[in-house]
Amino acid sequence: MDRYSKNAIMLVVDSHYKYIKKEVVKRMAIASHSVIIPAPVENVWEYVSQIENWAVMVPAYKEHEQIDEQKSVWTFEGNIKGFKKAVKMELNITEFHEPTMIRFELKGLTDNFTGSGQFTADETAGQTTMKGTVEVNAGGLTGAVLTPVIKMVLPKVTTRLTEKIARQVKQEKLSVR
């Protein structure tokens, strides 16, 4: 092979690598939602630090099993374009920073996906800004099919979950008075 042929091959490989890189980025879905809660950060933490409190609030929730303090398995069931689908995933709490942050990782057990997320809380003048963020990356052959669905659903799920938690914290604050 002469030096021009080697360069051509390297360009093709480099070009292919960039394509793969772009494809991986396209398969990732990220959603985030913030809400202001008229409650101290400790009240928000008291609620959010208990996984079982917010597991039941995730849209399409069916059930969950608490494996240990950090790990749980969640099952969701929903209809996607007329097809009934059950999805099982493992949620593993990776960081607790009381009272401002909880980080977690997600792993699909019935479908090929991974992800992560966090809840953060910041108190200012007796009010807490809580932000929920979730990132999901679908892999494998089904990734191309799952990604558009995940990108469509994830923002709605993240917003609904964050809003439901905020309403619950507000209600508990009112019932304590």
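Analyst: Start with Asp111, which is buried, at a relative accessible area of 13%. Keep in mind that this is a predicted model.

User: What does Asp111 meet in a salt bridge?

Analyst: Its partner is Lys85, with 3.0 Å from N to O. Lys85 is partly exposed, at a relative accessible area of 31%.

User: Where do Asp111 and Lys85 lie?

Analyst: Asp111 is in the loop between E5 and E6, while Lys85 belongs to strand E4, so this pair ties together parts that are 26 residues apart in sequence.

User: How many salt bridges does the count come to?

Analyst: The count comes to 4 salt bridges. One of them joins Arg103 and Glu95, whose closest N and O atoms are 3.0 Å apart.

User: OK. Which residues are linked in a network of salt bridges?

Analyst: Lys62, Glu77 and Lys84 make up that network. Within it, the side chains of Glu77 and Lys84 meet at 3.6 Å, N to O.

User: And the accessibility of Glu77 and Lys84?

Analyst: Glu77 counts as partly exposed at 30% relative accessibility. Lys84 is exposed, with a relative accessible area of 62%.

User: Why would such side chains pair at all?

Analyst: Side chains of opposite charge can pair when their charged atoms come close.

User: Switching to rings. How many aromatic pairs does the structure hold?

Analyst: There are 6 aromatic pairs. In one of them, the ring centres of Trp54 and Phe104 are 5.8 Å apart and the planes are at 45 degrees, so the pair is tilted.

User: Are we talking buried or exposed for Trp54 and Phe104?

Analyst: Buried. Trp54 has a relative accessible area of 1%, and Phe104 has 5%.

User: Which other ring forms an aromatic pair with Phe104?

Analyst: Phe119 does, and that pair is tilted as well: 6.4 Å centre to centre, with 40 degrees between the planes. Phe104 lies in strand E5 and Phe119 in strand E6 (residues 113-124), so the two tie together parts that are 15 residues apart in sequence. Phe119 is buried, as is Phe104.

User: Which residues form the aromatic cluster?

Analyst: Trp54, Trp74, Phe76, Phe104 and Phe119 form one cluster.

User: Now the surface. Which residues gather in the patch of negative charge?

Analyst: Glu42, Glu98, Asp122 and Glu123. Of these, Glu98 is exposed, with a relative accessible area of 64%, and is found in the loop between strand E4 (83-97) and E5.

User: And which residues form the positive patch?

Analyst: That patch is made up of Lys156, Arg160, Lys164, Arg167 and Lys170. Lys156 is located in helix H4 (residues 143-176) and counts as partly exposed at 47% relative accessibility.

User: Last topic, the backbone. Where is the cis peptide bond?

Analyst: Between Glu98 and Pro99, with omega about -5 degrees. Glu98 is the residue from the negative patch. Pro99 is found in the loop between E4 and E5.

User: Which residue other than glycine has a positive phi near 75 degrees?

Analyst: Ala60 does. Ala60 lies in the loop between H3 and strand E2 (61-66) and is partly exposed, with a relative accessible area of 40%.

User: And which has phi near 55 degrees?

Analyst: Ala125, also a residue other than glycine with a positive value. Ala125 is in the loop between E6 and strand E7 (127-138).

User: Ala125, buried or exposed?

Analyst: Exposed, at a relative accessible area of 80%.

Note on methods: Residues numbered from 1 in each chain as written. Predicted model: local features only at pLDDT ≥ 70, side-chain atom pairs only at ≥ 80, totals over all residues. Heavy atoms only, no water. Phe/Tyr/Trp six-rings, centres within 6.5 Å; stacked < 30°, edge-to-face > 60°. Buried < 20%, exposed > 50% of the residue type's maximum accessible area, 1.4 Å probe, protein only. Helix = DSSP H or I, 4+ residues; strand = E, 2+ residues; numbered from the N terminus. Patch = residues over 30% accessible without salt bridge, like charges linked within 9 Å, V, L, I, M, F, W, Y side chains within 5 Å. Areas by Shrake-Rupley, 256 points an atom, 1.4 Å probe, with all protein chains shown as cover. Lys, Arg positive; Asp, Glu negative; His and termini not counted. Charge placed at Lys NZ, Arg CZ, Asp CG, Glu CD.
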